[in-house]
Amino acid sequence: MARHQGRGMASINYPIGMNLGGDPSQALVHANPDGKFTVALSAIDLGQGMKQVSRQIAAETLGVPIEDVYVDTADSDTGPHDMGSFASRGTHRVGNAVIVAAKEARGVLLEAAAEELEVNADDLVTDGKGNIHVRGAASKSITVKAASQAAQFKQGKTISGRGIFLIPLSTVHPETGEMSPVTAYAHACLVVDLEVCDETGDVKVNKLTSAYELGRALNPKMVEQQLVGGAWMGMSHALYETPEPYYPNPEHGGRDYNEYLMPGPGDIAPHDITVLERPAPDGPFGGKGPGEMCANPVLPAVANAIFNAIGVRIDTLPITPEKILRALKAQGGARPQIRRA
Amino acid sequence: MLEFRKDLFADERDDNLNVIGKGEQRQDMLGHVTGRTRFFDDHGFDGLLHLKVVRSPHHHARIRSIDVTAAERAPGVKRVIRGQDVPLNKNTLLSLIDFGKDDEPTLAVDKVRYKGEPIVAIIADSEAEALAAVKLVRVSYDPLPTVFDVQEALKPGAVVVNETYPGNYFEYHDKYDHQKLRFGDVEAAFRTADHVLEERYQMSPIEHASTETNGTIAAPETNNRYVVHSCAQGLFFSLGTTAKILALESNRLHFIGGTVGGGFGGKVDSLTEPLAVLGAILTGRPVRYVLGREEEMQFASPRGAERHVIKDGVMRDGRIVARQITSYFDAGAYTRLTSYGVVKCVAHMPGPYTIPNVRGDAYCVFTNRVPATAMRGFGVTGVDFSIEVQMDKLAHLVGIDPMEFRILNAYRDGDMKAHRRVAHNTALIECVQVVAEKVNWPLSETARRASSLSGGGGPRAAIPPTVTDESGRIGRPETRQAPPQLTPGAAPLPAHQPRPAVPVYQPPPAHQPAAALPNYPSQPADAAPLPAPAPPVPNAPAPPQHGAARFSSVFTRRR
């Protein structure tokens with residue numbers, strides 16, 4: 001018996017947003033009389049942080065502190081239409097709609113401030129701390145709160161904005177497949193270090209090292225959450241999960257978390273992540289979307305690392321100990337490949 | 001552990017921002033960690049009723065009769081719902097964007113096409129009473145032959161799973177049994193390649209396995225409307241689906257959701273919303289329909305299985321000159337979203353590499369299993385697995401380091417992609433370089449100097465003369481291309497191979513400016529901080545070629 005070390009890699013790209021477009025998102029932004037903003041959406045927060053990323057995009061665009069913005073989402077009576085949270089579309093589509101809406105609201109806010117300060121609105125800037133002042137003259141200023149109160153009670157203005165983002169639907173050519181699938185792609189490369197036991201077929205993932213190019217990490221903590229969680233899901237898909245272990249035989253599906261295998265806490269490997277940011281020309285502040293893609297490179301990298309460790313190719317997922325042992329038997333034992341670094 | 005490489009692409013970014021780029025705590029964090037966040041199932045109602053369904057024990061069977069008399073008399077039972085009680089008992093999810101034909105009943109009437117298909121719904125005072133009454137429903141079946149393998153299902157004379165699609169394939173463009181991708185001439189390139197490698201990959205289904213199972217609570221409001229607490233990933237998508245199936249105006253439904261206990265694609269199908277609302281309509285009471293864990297695991301849609309057969313022609317110097325991918329997506333018994341995933345897969349071929357000759361054929365195939373649906377990486381995860389294992393094999397075959405091999409073939413700004421759009425904003429090479437550095441993976445000087453910003457375009461931006469064909473005409477299975485024959489690799493892969501020398505390959509041609517992006521239907525985001533903001537066109541009309549285009553004109557007429 002021996003445990004064989006292996007290292008494998010994979011590189012991928014991932015399309016951001018619904019394939020072919022035609023998937024609009026809307027946003028409504030308004031301020032209360034104290035200059036506190038609400039963003040109304042119909043986007044779904046699945047745990048990925050849809051509310052928070054929308055909130056940061058709104059605060060940045062409005063030029064106000066983040067604690068002055070809350071996101072209210074997914075009440076069909078108050079939230080405007082949105083296609084939904086899937087296809088890595090939330091940040092890109094909803095984020096762009098929020099920018100459009102927040103810009104319109106900011107325009108009214110600055111007009112109200114300009115009227116109070118008796119200056120031209122084009123000369124005003126926000127400091128991100130709740131103040132509006134004349135560019136280059138910080139002393140000539142008014143708070144967002146005072147400007148909002150003036151808009152509401154003196155000037156009769158609504159500080160609000162509407163936004164929509166839509167990539168028009170692309171056609172698909174029947175003969176050639178010519179189409180415009182999406183406008184932005186994220187990228188990744190991932191290396192897996194693992195070991196394979198040639199007696200039990202057990203695979204232990206020891207380390208993941210990755211680079212993800214995501215346009216811009218709008219909230220690095222949430223990006224980390226996605227990438228760490230997604231890599232776990234990729235590892236689980238590669239080595240553990242399936243409702244049909246002998247596909248296409250439909251039997252033997254798990255009925256609960258005891259029977260449906262997934263990696264446990266002891267199986268989780270450290271993950272060293274590097275983020276690259278090449279802004280998407282049409283992304284909100286350049287953002288793309290790490291949501292779906294982060295599981296993808298793990299699957300082939302694990303398969304390639306297993307080959308590197310023992311010289312067998314398993315081309316069917318998941319790569320179970322049974323498949324490894326059968327392949328080792330067919331090959332007549334492990335044949336470790338060249339080590340890299 | 002997460003770190004940034006801010007030095008890369010720095011001249012394309014303005015990092016002088018207030019809130020963007022900061023790891024601010026989420027506004028919902030406190031609620032989540034203190035257990036006070038309200039999910040759909042945290043909404044209590046007086047007089048709440050519970051709905052459970054009778055499911056088929058057969059993978060494929062004709063229904064001879066359904067007897068609900070005992071169930072109707074069972075303790076606590078308030079209402080039994082059958083297929084004929086559903087106003088529009090045939091739907092396909094993507095009908096909301098005019099893509100595909102209605103093919104799936106909410107409750108099966110004459111036939112069941114997968115094990116677990118709902119046939120009758122029982123509404124009772126408690127879950128236990130509903131489950132007890134489920135057992136009292138007598139359904140008599142004539143079992144039918146089954147088909148579970150995608151390539152078996154495509155054979156002439158195979159068992160017909162779903163009569164809406166009698167060939168067991170989704171129909172693309174009213175013309176073909178699959179979606180094609182044609183770029184250049186793969187056959188000619190295979191003839192000139194130094195090596196040809198054809199391999200088959202299989203991704204089995206997997207579960208979304210969200211902590212929160214699918215479910216809905218629907219309740220009558222006092223104004224002839226219904227409030228619906230939903231876990232849908234697309235709120236209006238689910239609202240629209242429910243309104244269509246129940247033949248209601250959309251404004252009679254008030255959907256509330258947005259806080260969901262995990263989705264991963266498993267909450268796009270509106271599995272529970274239509275029946276819960278129908279229950280509320282028929283009883284005048286609030287109705288809760290939540291899948292149990294076993295139901296979720298066994299009968300809620302999984303990520304479908306995919307089979308990809310990849311044939312590549314590669315030169316000794318590592319250049320891939322042709323790639324052919326034949327993909328079979330196992331949709332299960334009904335379309336749901338698989339037809340869409342197939343087109344997304346075709347758009348993704350041949351992966352993030354510039355290959356001058358590409359052929360793709362992707363099928364959405366019906367079998368007698370639980371209908372598949374979207375899942376994280378839909379249309380891409382399976383083909384990425386296949387492509388990247390294939391890339392490893394090719395690198396091994398030609399004796400080039402796998403990272404060098406990726407960088408050599410990587411797409412770069414200005415390159416033409418197989419779906420005939422120019423690549424821009426690429427960064428695959430840099431990702432490989434950064435990881436190589438991190439793990440001390442030795443790269444040649446050429447590979448370390450490579451850049452996504454240069455070396456692309458020019459001749460790589462050309463659309464080659466392309467061979468097209470009429471294979472796979474609907475109703476003419478004899479025109480379908482023969483299932484790809486698996487040929488062993490060009491030569492047995494040597495084990496214990498000595499470390500290959502650092503490959504010597506021609507550096508890419510000098511940088512040429514990328515061609516203008518043709519027909520790129522992007523609507524610039526007008527995100528101010530970007531250095532070169534595009535003109536703002538927030539309300540620009542769609543380009544004329546898209547006009548009122550909906551998927552009907554893209555693919556097929558709805559019937």
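User: What makes residues of chain A count as being in contact with chain B, and how many residues are involved?

Analyst: Two residues are in contact if their C-beta atoms, placed from the backbone, lie within 7 Å. By that criterion, 123 residues of chain A are in contact with 129 residues of chain B. This is a predicted model, in which local features need pLDDT of at least 70, side-chain atom pairs count only at pLDDT 80 or more, and totals for chains, interfaces and linings use all residues. Residues are numbered from 1 along each chain as its sequence is written, with chains lettered from A and ligands numbered from 1 in the order in which they are written.

User: Which strand gives the most to the side of chain A that touches chain B?

Analyst: Strand S1 (residues 3-15) of chain A does, with 7 residues; a strand here is a DSSP run (E, at least two residues), numbered from the N terminus.

User: How do you know that strand S11 of chain A and strand S1 of chain B pair?

Analyst: Pairing requires that DSSP finds at least two bridges between the strands. S11 (residues 271-276) of chain A and S1 (residues 2-4) of chain B have 3 bridges, in the parallel sense, therefore they pair. Thr274(A) has Glu3(B) as its bridge partner in S1(B).

User: Why is Gln179(B) called buried?

Analyst: A residue is buried if 20 or more other C-beta atoms lie within 10 Å of its own, exposed if 12 or fewer, and partly exposed in between. Gln179(B) has 28 C-beta neighbours inside 10 Å, so Gln179(B) counts as buried. Gln179(B) lies in strand S8 (residues 179-183) of chain B and touches residues including Gly177(A) and Tyr172(B).

Definitions and conventions. Helix = DSSP H or I, 4+ residues; strand = E, 2+ residues; numbered from the N terminus. Lists of a residue's contacts leave out its neighbours within four places in sequence.
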